[in-house]
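Trainee: I would like to learn how to read helix packing and strand pairing. Where do we begin?

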Amino acid sequence: MRKNKFVYLFNEGNSSMVNLLGGKGANLCEMTRLKLPVPKGFIISTEACLEYNEKKSLSDKMKNQVLKALKKIEKSSGKIFGNDENTLIVSVRSGARISMPGMLDTVLNLGLNDKAVEGLAKQFNPRFAYDCYRRFIQMYSNVVKNIDIEKFENQIDKIKKQNKIKLDSELTADNLKELIKEYKIIYKEKTGTDFPQDVFVQLFEAIQAVFRSWFNTRAVLYRRLNNIPDDWGTAVNVQSMVFGNLDENSGTGVAFTRNPSNGENKFYGEYLMGAQGEDVVAGIRTPLPIEKLKKQNKAIYEEFVGYAKLLEEHYKDMQDMEFTIQSGKLYMLQTRNGKRTPSASLKIAVDLVKEGKISDKTALLRLEPNKLNSILHSVLNNNELKNLTPVASGLPASPGGVSGKIAFSPAKAVEFNENKEKAILVRLETSPEDIEGMAVSEGILTARGGMTSHAAVVARGMGKVCVVGCNELKFTENGIKLNGHNFKEGDIISVDGITGNIYKGKVSSIPADLTGDFATIMQWVSKYQKTEVYANADTPNDARTAYELGAEGIGLCRTEHMFFEEDKIESMREMIIADTLTGREKALAKLLKYQKKDFLGIFKEMKGKPITIRLLDPPLHEFLPKSKPEIEQLATSLNKNVEEIEQLITKLSEVNPMLGHRGLRLAVTYPEIYKMQTRAIIEAGIEAEKKYSIKSEPEIMIPLTVSVEEFLYVKNIIKTTADEIIENAGSKMSYKIGTMIETPRAIILADELAKVADFFSFGTNDLTQMTYAFSRDDAEKFLNDYYLKNIFKTNPFEKVDVKGVGKLVAYAIKNAKNVKPNLKIGVCGEHGGEADSVEFFVKAKVSYVSCSPYRIPIARLASAIANLKNKN
């Protein structure tokens, strides 16, 4: 329920009121409470913003409260709003509860009109007064009336050219008067009305504009990228202006108590004399490093450093501060917890704990797990990127930065790799057949697909750099075009999986450093993490990487990925083509040795940690060739004619493969496939104990269960096979048989399935597809419309849909645990590596989450944070 009070003076609030007053406003109140020199002002609450965006108008109640607050500011300042001789000039600035730099709007120098500017000129000096007025007209026109700012900048350039001057600061009072006339003409041309002279009209129009900016395109996008809810709203801060452009003893600047780029405990910032705040960030003039202020005005510098130290000590975090010097007097305009790079966030957290300012618990709670992706991978050298322009960009699907030769086929990527040359696999889109080429490539670039496409998911699992959905990538007869730039196979490009940018030529990479501060953070994580984090790993190499990155088990080993390597795919295709049981078993015998070898390698690398192995899931047609040459080659190798192969491919193809003949349905039709895989798992487990003294209890997972009856049928095949092998070997090896929960029907039957399954694992990728009734590969084509029209806030394949899919998961867990309280329950979809999703799963009381190896540290940190939040 909303309050009747919408407006708060700075002496009426404090930093705990951030939800109501926004971050900027709450901190202005706190600095006032700390007796820092803060210009007087008041805050219009976030609740007023929400009311305005519902009703599209300002309420009389809110307006009256603004006017009363304004009177108090007038009384304390000795100035009168709208007075011709001694006018009160204010800034109208946004202030969300979480900083959204540059996303929301601000109007400065408000309260000037044709008469008030003359009074200001008499009170101070004409050039200062008219500079403030022209700035106000320009900003008001752009923010309130949405007039293109370039029209005003063009007029500045025109007048500077006419007067043969280079800098805005060289404009005279007369130049500025002329500029103001031109600005007013632009305003009238675009609005049909004269520039408003009523300062109260100016004020309330500006307040509405700031409220409206909460829903501008860039703000909506920023919130979606940073998981900030739309229903928070922004506050508006109305504050007495102080002027850094008043005279030569005036200036403005921005500073941080620590370096936001590397986290070094060193004062960092910039300032400009004779300037207003927007000049520092506009780039028109080059600001000076904050250290130079010490030489220019030692007293002001030391006063500011004293306030900075006080604020960091008070907030126990690195502060980002704005200040203005007016005629030799310092004013503090803002403080907030400073934005920082991922690597800086780790250093600052560790240093603050070492300095005794915060606990390790507090340090962990301040970290943003999803933003740590970039420090887990080699990245392109930023010093080189500064001088380069991307030739194209796409969606950054898997982080890191690499350079390599363009390969248009998996075979070419393999060829480059054999010649010790780095490859970038460039495809329209990838399919399971491309797995070998993806495995040997440094990076992957596709024209199609989204953040949860095949290329994205597999690349993340492999730790490969990947950019997908590059609309500017066009295939031609001779190669590709990237935004008009022609490339042929073998040309070198660089791919940035953090930004999605593509560069021509080679850019050097900087390797990741997982020691030092990172290692310290992960030690803290081990203290507070309760819900375990497993890895999605399909090969011994994946398992080794996962173990090194702290995986506490394997939650998903996709056995189909083992079949796509060149020597294995032939035997797999032979099995599919065989038209008799004898023929299939002959081919499966060849596959058995490959599978057993892979499983043995995985058991060895995981050193006795839990391993969940999903039996064959995809439909068989995915393993068959698609191109004519490959079909001809297969026909020759199997002594079949091409027509027979083509007929079989047609027969096996499906209209909707996701809902087709896959998962345990394959075992119902071809039980010999799961028998072979069970044999490979059990024999590998027995050998691992003999050879490496590693005791394994593999968890054999049946995919796509939708009924108890089919689960029991397939479970019996597995159990009979496994028990016979164990008995014949004289082994005491144990194993478990469980199921994936990835359909709504399995959710509904969770209590019944719990009676017969040893464990559950939620396949949230497919569960999301089944719940929403759209394919994750195709959804990228239309989801952007949902974001733009504010229907979806996030991609449900990237961040779990708590209201829908989440409720299904919680329902299944509750019912299953009513039947079997100690049932092991995991999550093995890509959501297992996304921080907000992990927080939900921890609350839902799953036993573990599983994700791609390179997301393990992120998921572990998210798990620890979720546990600490639940305790608090």
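Mentor: Begin with a contact: Ala48, Cys49, Tyr52 and Asn53 in α2 meet Gln208, Phe211 and Arg212 in α8, where contact means heavy atoms within 4.5 Å. These residues divide into four nonpolar, two polar and one charged; Ala, Val, Leu, Ile, Met, Phe, Trp, Tyr, Cys and Pro count as nonpolar, Asp, Glu, Lys and Arg as charged, and the others, Gly among them, as polar. The model is predicted: local features need pLDDT of at least 70, side-chain atom pairs count only at pLDDT 80 or more, and totals for chains, interfaces and linings use all residues. Residues are numbered from 1 along each chain as its sequence is written, and side-chain values use heavy atoms, with hydrogens and water left out.

Trainee: How is the packing of two helices described?

Mentor: By the angle between their axes and the distance between the axes. Helix α2 (residues 46–55) and helix α8 (residues 199–213) pack at about 85 degrees, with axes 9 Å apart. That makes α2 roughly perpendicular to α8 (65 to 115 degrees). Axes are lines fitted to C-alpha atoms over the stretch in contact, and angles run from 0 to 180 degrees between N-to-C directions. Helices (H or I, at least four residues) and strands (E, at least two) are DSSP runs, numbered from the N terminus.

Trainee: In what sense do β13 and β17 pair?

Mentor: Two strands pair if DSSP finds at least two bridges between them. β13 and β17 (residues 465–468) pair in the antiparallel sense over three bridges. The bridge partner of Ser398 is Cys466, and that of Pro396 is Val467.

Trainee: Which residues of β17 are buried?

Mentor: Val465 and Val467 on one side, and Cys466 and Val468 on the other; buried means under 20% relative accessible area (1.4 Å probe, protein chains only).

Notes
Parallel < 35°, antiparallel > 145°, perpendicular 65-115°, else oblique. Buried < 20%, exposed > 50% of the residue type's maximum accessible area, 1.4 Å probe, protein only.
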